[in-house]
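Here is my note on this model.

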Amino acid sequence: MARIVIVSNRVPIPKARGASAGGLAVALRDLLTPGTMWFGWSGRLASEPSLEPAIVEARGVTYATIDLTSDDYKGYYVGFANGALWPLLHFRLGLMHFRREDYEGYLSVNRSFAVSLGTVLQPDDTVWTHDYHLIPFGRMLREQGFHGPLGFFLHIPFAPPSMMEALPVARELIADLCAFDLVGFQTEEHARDFRDCAARLLGATVQGEWVRFNGRSMRAFADPIGIDAEAFRQDAERAASDKMVLRVAGSLSGRALAIGVDRMDYSKGLPQRFEALARLLEKHPEHRRKVHFLQICPRSREEVDEYRKLRAELDRLTGRVNGRFSEFDWTPLRYSTRAAPRSQLAGLYRIGRIGVVTPLRDGMNLVAKEFVAAQPEDDPGVLILSKFAGAANELTEALIVNPFDPDAIADAMHIALTMPAPERKERHAALAEKVFRTTAAAYCQRFTEALGQVKAQSVPRAAA
Ligand code: GDG
């Protein structure tokens with residue numbers, strides 16, 4: 001079988017494993033069989049650019065990385081990927097900061113990736129590229145003379161043409177996506193938005209999932225990501241005897257635990273969620289002293305202004321909610337900006353009576369699936385899920401809420417806290433069936449099979 005080469009912004013080199021709170025390393029674990037290569041940025045900043053990848057071999061997998069300069073990093077990662085694309089694709093046009101020089105930096109790093117990978121790529125490799133940092137990479141790899149199967153998966157949502165057009169380089173990016181043979185999205189809605197953009201912004205011909213542009217055809221389809229549910233369930237069971245998890249369980253003194261776990265990101269709906277807790281305690285005073293809300297919220301992307309502002313806002317809201325409702329022996333909101341070790345996280349989900357997952361917009365949201373997998377079957381908790389998370393397409397037995405409406409979230413929390421055990425069990429059984437079926441392994445298999453089937457048609461030959 002041809003070698004699979006994964007390409008992503010960051011590479012989880014084994015010694016750094018466990019340090020990352022990101023979803024990608026976990027989701028692709030099944031693909032990391034001997035012979036695979038993972039290529040991308042080392043996470044290091046160097047004074048000089050270098051295109052020769054550093055190679056580390058671990059358990060038969062080759063990790064190939066390059067360093068970036070701090071100017072590269074500012075334009076590509078902070079400026080364009082996270083300052084323009086992330087807000088745009090999460091429908092936050094007001095937070096989008098577009099600067100030509102950032103886009104130039106983004107193109108330049110994508111080109112470095114393509115040139116550098118070109119030095120270690122074999123002609124019969126299959127390349128699977130991940131996420132919004134690397135949209136032009138496929139076209140640039142083609143320009144290096146690579147003609148093998150070339151796929152891309154977008155982990156975050158896509159935007160419809162009317163919104164996409166706000167980005168001055170939208171046409172270029174849509175055309176770049178068309179240079180891949182296969183582009184996967186988390187949901188059919190995101191895939192359709194992309195195909196609509198290709199038709200409207202580029203004049204491409206769309207037939208079903210196929211897009212014909214510039215003399216070649218590519219396929220844009222939905223391939224929802226999942227988790228390794230069985231491993232997560234086992235972690236959660238094991239973690240029941242973890243000292244810290246036991247301490248948290250003991251500290252509840254019989255009160256219910258509501259739990260939220262999110263990277264600190266403005267797409268995750270955290271201020272509305274904190275507000276919802278206040279509304280719950282205000283509208284349903286019977287829950288005062290009866291519930292603890294634990295929000296685990298590891299800090300992320302602090303180089304981007306909006307993230308620093310969010311942190312200050314959450315600090316303020318935590319103080320406000322606790323100042324208003326705390327009693328001398330009870331604090332409603334426990335809020336930590338430190339990442340929890342993964343094994344403990346599974347145990348904390350397991351003792352949660354409610355999982356609160358209320359992003360304003362999210363590609364999929366793996367936390368929702370992890371919460372379901374971790375729950376005990378005989379006495380499960382209740383998942384509250386945003387209608388704007390990709391996961392809501394599948395996890396329809398959750399309590400589905402509009403995350404912009406703190407009252408609706410508060411009402412769902414009340415319903416969850418008072419839900420009879422038979423209803424909890426019935427909902428959980430239906431959710432678990434889906435989470436254990438649409439796993440990370442199934443996601444990887446669907447993508448690699450589809451990529452194997454897609455025939456690159458009349459790929460234009462370009463000078464290297
Ligand atoms: C992007 C898309 C899509 C979180 N805090 C801790 C921790 N985590 C882990 C969670 C989960 C992962 O990080 C977060 O994944 P999400 O899916 O919730 O969100 P993003 O990071 O925004 O991921 C998203 C995903 O890509 C995959 O395609 O679902 O829509 O935005 O696994 O458990 N892990 C540990 N400690 C923490 O404190 N160990």
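1. Start with one bridge. Leu385 has Ile400, in E16, as its bridge partner. Strand E15 (residues 382-386) pairs with E16 in the parallel sense, over three bridges. Two strands count as paired if DSSP finds at least two bridges between them. Helices (H or I, at least four residues) and strands (E, at least two) are DSSP runs, numbered from the N terminus.

2. A word on the source. This is a predicted model: local features need pLDDT of at least 70, side-chain atom pairs count only at pLDDT 80 or more, and totals for chains, interfaces and linings use all residues. Residues are numbered from 1 along each chain as its sequence is written, and side-chain values use heavy atoms, with hydrogens and water left out.

3. Now the whole sheet. Six strands form an open sheet with parallel pairing, in the order E13-E12-E11-E14-E15-E16. Its edge strands are E13 (333-336) and E16 (399-401), each pairing on one side only. Neighbouring strands are turned by 20° against each other on average, direction ignored. Axes here are lines fitted to C-alpha atoms, for helices over the stretch in contact; angles run from 0 to 180 degrees between N-to-C directions.

4. Contact means heavy atoms within 4.5 Å.

5. Next, the domains. The protein chain is divided into domain 1 (4-225 + 442-463) and domain 2 (229-437). The bounds come from an automatic or database domain assignment. Taken over C-alpha atoms, the two centres are 31 Å apart. Domain 1 brings 27 residues to the contact, and domain 2 brings 22 residues.

6. How much area is buried between domain 1 and domain 2? About 1900 Å², with 60% from carbon and sulfur atoms. Buried area is the accessible area (1.4 Å probe) that two parts lose on being put together, summed over both. Trp86, Leu95 and Ile225 supply 25% of what domain 1 buries against domain 2, more than any other three residues.

7. Finally, the charged link. The rule finds one salt bridge across the interface of domain 1 and domain 2. A salt bridge is a side-chain nitrogen of Lys or Arg within 4 Å of a carboxyl oxygen of Asp or Glu. The side chains of Glu189 and Arg361 meet in a salt bridge at 3.9 Å, N to O. On the side of domain 1 that touches domain 2, helix H2 (70-89) and helix H7 (188-202) are the elements that give two or more residues. H2 gives the most, with seven residues.
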